[in-house]
Amino acid sequence: MDFELKSLSPNQAAQLTTDALLVLVPDAKAGKAASGALHELVTSATEHGDLEPGVAKQLACYRPAGFKAARVLLVRVGDGSAVSVRKAVTAGLGALKQPGVKKLGLVLSLFDAGNDAVRAAVQACADATYAYTTTKPSAKARALQQVVVGVAQVAAVRAGFDTGRALVTGVEFAKEWANRPANHATPTMLAEAARKLGRKPGIKTDVLGPRQVEALGMGSFMAVAKGSVEPLRFIVMHYNGGAKGSAPVVLVGKGITFDTGGISIKPAPEMDEMKFDMGGAASVLGTFAALAELQPAINVVGLIPSCENMPDGQAVKPGDVVTSMSGQTIEILNTDAEGRLILCDALTYAARFKPHSVVDIATLTGACVIALGGVRSGLFSTRDDLAQALHKAGETAQDPCWRMPLDDEYAEGLKSNFADMGNVAGRAGGAITAAKFLQKFAAELPWAHLDIAGTAWKSGAAKGSTGRPVPLLLQYLIDQAAAMAAAGQAKPGSKARKTAKS
Ligand code: BES
Ligand code: MN
Ligand code: ZN
């Protein structure tokens, strides 16, 4: 999908030759001086009660007088906030799904659209028209190819536009890989995708296989992989946009390409959805795809432990005790609590980068789905500043999360008679006890954990990946880049190589 940012007055918008024009109309009245076809259409429709105020109220017009575009859709955008823009564009594009609409003019110049609003508009265009086709030849591919985003002043919203475009790349990358069935997205294939990303500017990818992972002593990760004929992969990615030596943000993504539960096997209904159990990994890959495009001034490391969780003669058994890379032993009481078992070794590995912060992203617990549903991801952190930064990024990017507690009492149930810890602690507070398990491996790191079990994909008729939390992660990185640049400017001698956008 191709986006173009253009300065466009209401009169120029009417002259735009596109297949359709989607005009966002604020509830507030236009200025007195306004005139022309678009102004007349909006005024007349409003006066006749055909375009009620309120976000996403619409009026579809065909070949209205004075317009070059055949289809003109007026959509109310309320107060013009980013949230309203997203709703309005989503609703508008829902009504412009005709195959003939290949080029769209999206008019944001009737109100004061800021960076966040423009970004939201770009993102909503992509979200509303996304179609997965890789393993479905009969699927209708996305008709919309080109979007001209018309604003009053290009320079003022360029950053939001660029961020939006990079986000579309990142979110669609994540959706694609998460949506692929497990036989089309094995650990080896994920690693190949990561390698390919490694050819983009600023990115480098290393892929470790079973022998190297064994040499590192990742006994916990290896235990999960044992039950599958698919070999594990440990993906290590670097994005170097920041100053040399500047501490990186490390993103760790759970990459279980299929979770049967292992010997503690899951029931059959909805087990297919466990192909999405690499949603964390997909979000890390997507974030790197976005970084390559946006090039913010920050260093980022991506770590993805990836394997299948299968039952087999060789599979790890309930009660088996394994030694993690940290040296701590784990009694695997439930083989279905496998995400924490692969993440713990990746967290230990993360320490070598002396990170600015470490954020793991995982479809970790059904309990988190019960706690927060599909609206907010679960956020856990031992550091208030890191938790606040991630929370804020989620609000800005309309990809929200909610902080959950980490009281030490929650770790009680993880005690084991046969190892340093068990891998499960009973049903109560399951999302929290999982986080407490991970915390034992984060040691002194500035660490946060995002449980995306409820937000990474949708079930039912709209079954599919959401691409979350790529928007949150990218926003967090942009914010950190800006903070680092500001700190660098304050200190003479150290300089940020590139300036952060948006
Ligand atoms: N991948 C699942 C978590 C999950 C389940 C996400 C359902 C979304 C929907 C994870 O590996 C898992 O199986 N967790 C168990 C943990 C339990 C055994 C302590 C769970 O949540 O049931
Ligand atoms: Mn599981
Ligand atoms: Zn899982």
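Visitor: In which loop is valine 375 found?
Guide: Start with the terms: helices (H or I, at least four residues) and strands (E, at least two) are DSSP runs, numbered from the N terminus. Valine 375 sits in the loop between helix H11 (366-372) and strand S15 (377-381).

Visitor: What kind of model is this?
Guide: Residues are numbered from 1 along each chain as its sequence is written, chains are lettered from A and ligands numbered from 1 in the order in which they are written, and side-chain values use heavy atoms, with hydrogens and water left out. Local features need pLDDT of at least 70, side-chain atom pairs count only at pLDDT 80 or more, and totals for chains, interfaces and linings use all residues: the model is predicted.

Visitor: Is valine 375 buried or exposed?
Guide: Buried means under 20% relative accessible area, exposed over 50%, and partly exposed in between (1.4 Å probe, protein chains only). Valine 375 has a relative accessible area of 56%, so it is exposed.

Visitor: Which residues does valine 375 touch?
Guide: Contact means heavy atoms within 4.5 Å. Residues up to four places away in sequence are not counted. Valine 375 then touches Pro400, Thr455 and Arg468.

Visitor: How is glutamine 123 placed, buried or exposed?
Guide: Glutamine 123 belongs to helix H4 (residues 115-129). Leaving aside neighbours within four places in sequence, glutamine 123 is in contact with Leu167, Val168, Ala397 and Pro471. Its relative accessibility is 11%, so glutamine 123 counts as buried.

Visitor: What are the protein donors of the zinc ion (ligand 3)?
Guide: Donors are N, O and S atoms within 2.8 Å of the metal (3.2 Å for Na, K and Ca); water is not among the atoms, so sites may look incomplete. The protein donors of the zinc ion (ligand 3) lie 2.0 to 2.4 Å from it. They are Lys254 (NZ), Asp259 (OD), Asp277 (OD) and Glu338 (OE).

Visitor: What is the site of the zinc ion (ligand 3), octahedral or irregular?
Guide: Six donors count as octahedral, and four as square planar, if opposite donors are over 155 degrees apart and all others between 65 and 115; four count as tetrahedral if all angles lie between 85 and 135 degrees, and anything else is irregular. The six donor atoms of the zinc ion (ligand 3) make angles of 79 to 175°. That site is octahedral.

Visitor: What arrangement do the six donor atoms around the manganese ion (ligand 2) have?
Guide: The protein donors here are Asp259 (OD), Asp336 (O), Asp336 (OD) and Glu338 (OE), 2.0 to 2.2 Å from the manganese ion (ligand 2). The six donor atoms subtend angles of 71 to 168°, so the arrangement is irregular.

Visitor: How many Å apart are the manganese ion (ligand 2) and the zinc ion (ligand 3)?
Guide: Aspartate 259 coordinates both ions. This residue is buried, with a relative accessible area of 3%. Aspartate 336 is partly exposed, at 23%. The two ions are separated by 3.2 Å.

Visitor: How do H6 and H9 lie relative to each other?
Guide: Axes are lines fitted to C-alpha atoms, for helices over the stretch in contact, and angles run from 0 to 180 degrees between N-to-C directions. Helix H6 (residues 187-197) and helix H9 (residues 279-294) pack at about 15°, axes 10 Å apart. Angles under 35 degrees count as roughly parallel, over 145 as roughly antiparallel, 65 to 115 as roughly perpendicular and the rest as oblique. H6 and H9 are therefore roughly parallel.
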